[in-house]
Number of protein chains: 2
Amino acid sequence: MKSLGQQIVAEFYECDCEVLNDPQQIEEIMCDAALAAGATIVTKTFHTFSPHGVSGAVIIAESHLAIHTWPEYGYAAVDLFTCGDTVQPEVAYRVLKEGMKSRRASTMEMKRGQLEVVGELTHKPVELKQAV
Amino acid sequence: MKSLGQQIVAEFYECDCEVLNDPQQIEEIMCDAALAAGATIVTKTFHTFSPHGVSGAVIIAESHLAIHTWPEYGYAAVDLFTCGDTVQPEVAYRVLKEGMKSRRASTMEMKRGQLEVVGELTHKPVELKQAV
């Protein structure tokens with residue numbers, strides 16, 4: 001099914017807690033991931049929380065990458081949102097997994113903006129009398 | 001099931017195309033949505049694409065809101081990622097829907113970082129002989 005965007009929802013467990021709590025490293029890993037995937041970075045913002053945790057987003061020409069880390073749980077939530085065919089989000093995923101030293105991770109892929117499906121389903125199902 | 005974060009994936013169709021293509025309005029609506037939901041904005045970044053489209057992220061103390069708009073399709077993809085119980089993402093959703101004048105929208109809710117489920121499922125199911 002065609003869609004405007006593609007989103008990989010990634011869960012990184014059992015990461016290196018020190019990496020997760022280092023805003024500079026997290027920003028570097030996120031930018032490395034974007035570039036390795038073939039994306040063009042246009043702007044970014046990161047924030048360090050007290051007492052711990054980093055949140056940030058990298059806006060790319062092909063959408064965005066967002067991260068939230070919970071160093072106390074060794075967990076990071078990452079969203080890789082892309083559009084077009086030039087970016088390889090699975091490459092970004094691997095860079096992130098390696099960079100945060102995650103020993104267990106999972107992904108889920110979603111299609112976003114399925115105009116063909118949602119936008120054009122204006123017809124009604126075949127009526128019973130026609131189907132018989 | 002307990003989780004570290006909650007994410008509402010929202011699809012806004014049939015929006016006002018002029019709003020979707022106005023970076024200032026999109027930024028305002030996103031910030032209004034965050035504040036109305038009870039979130040604390042810590043940083044934000046927005047980018048306008050050529051020939052059209054706006055992408056942006058608002059990092060809140062309780063995670064983030066991210067948006068991508070396709071004015072040519074009247075469509076916007078929004079992610080509302082929150083943690084804790086103080087933010088009401090459904091309020092943000094309503095502010096966004098009204099602000100972009102979306103006539104058709106859908107949401108999907110995801111739990112992120114389900115440590116209890118994924119991290120602690122180390123036991124085996126009850127064995128057959130015990131169950132009988």
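Predicted model: local features only at pLDDT ≥ 70, side-chain atom pairs only at ≥ 80, totals over all residues.
How many cavities of 30 Å³ or more does the structure hold? The structure holds 1.

The largest cavity has a volume of about 40 Å³. Its lining includes four alanines from one part of the chain: Ala33(B), Ala34(B), Ala37(B) and Ala39(B). Ile60(B), Leu65(B), Leu80(B) and Thr82(B) line the largest cavity too. Val87(B), Pro89(B) and Ala92(B) complete the list. By class, the lining divides into 10 nonpolar residues, 1 polar and no charged. Three elements of chain B each supply at least two lining residues: H2, strand S5 (75-82) and H3.

Two of those elements, the helices, also meet each other. Helix H2 of chain B spans residues 23-36, and helix H3 of chain B spans residues 89-99. Their axes come within 7 Å and cross at roughly 150°. Angles over 145 degrees count as roughly antiparallel, so H2(B) is roughly antiparallel to H3(B). The crossing is right-handed.

Which residues make this contact between H2(B) and H3(B)? From H2(B) come Ile29(B), Met30(B), Asp32(B), Ala33(B) and Ala36(B). From H3(B) come Val91(B), Ala92(B), Val95(B), Leu96(B) and Gly99(B). The contact residues divide into 8 nonpolar, 1 polar and 1 charged. Ala33(B) and Ala92(B) take part in this contact, and both also line the largest cavity.

Now to the open sites. The largest pocket has a volume of about 320 Å³. It is lined by 16 residues. Closest to its centre are Lys2(A), Ser3(A), Leu4(A), Gly5(A) and Gly113(A). Strand S1 (5-13) and helix H4 (115-119) of chain A each supply at least two residues of this lining.

The largest share, 3 residues, comes from S4(B). By class, the lining of the second largest pocket divides into 7 nonpolar, 7 polar and 2 charged.

Terms used: Residues numbered from 1 in each chain as written. Chains lettered and ligands numbered in written order. Heavy atoms only, no water. 1 Å grid on protein atoms, 1.4 Å probe; cavity = no way out; pocket = protein on both sides within 12 Å on 5 of 7 lines; lining within 4 Å. Points joined across faces, edges and corners; volume = space filled by probe spheres on them. Helix = DSSP H or I, 4+ residues; strand = E, 2+ residues; numbered from the N terminus. Nonpolar A, V, L, I, M, F, W, Y, C, P; charged D, E, K, R; others polar. Axes fitted to C-alpha atoms, helices over the stretch in contact; angles between N-to-C directions. Parallel < 35°, antiparallel > 145°, perpendicular 65-115°, else oblique. Left-handed = near helix turned anticlockwise from the far one by under 90°. Contact = heavy atoms within 4.5 Å.
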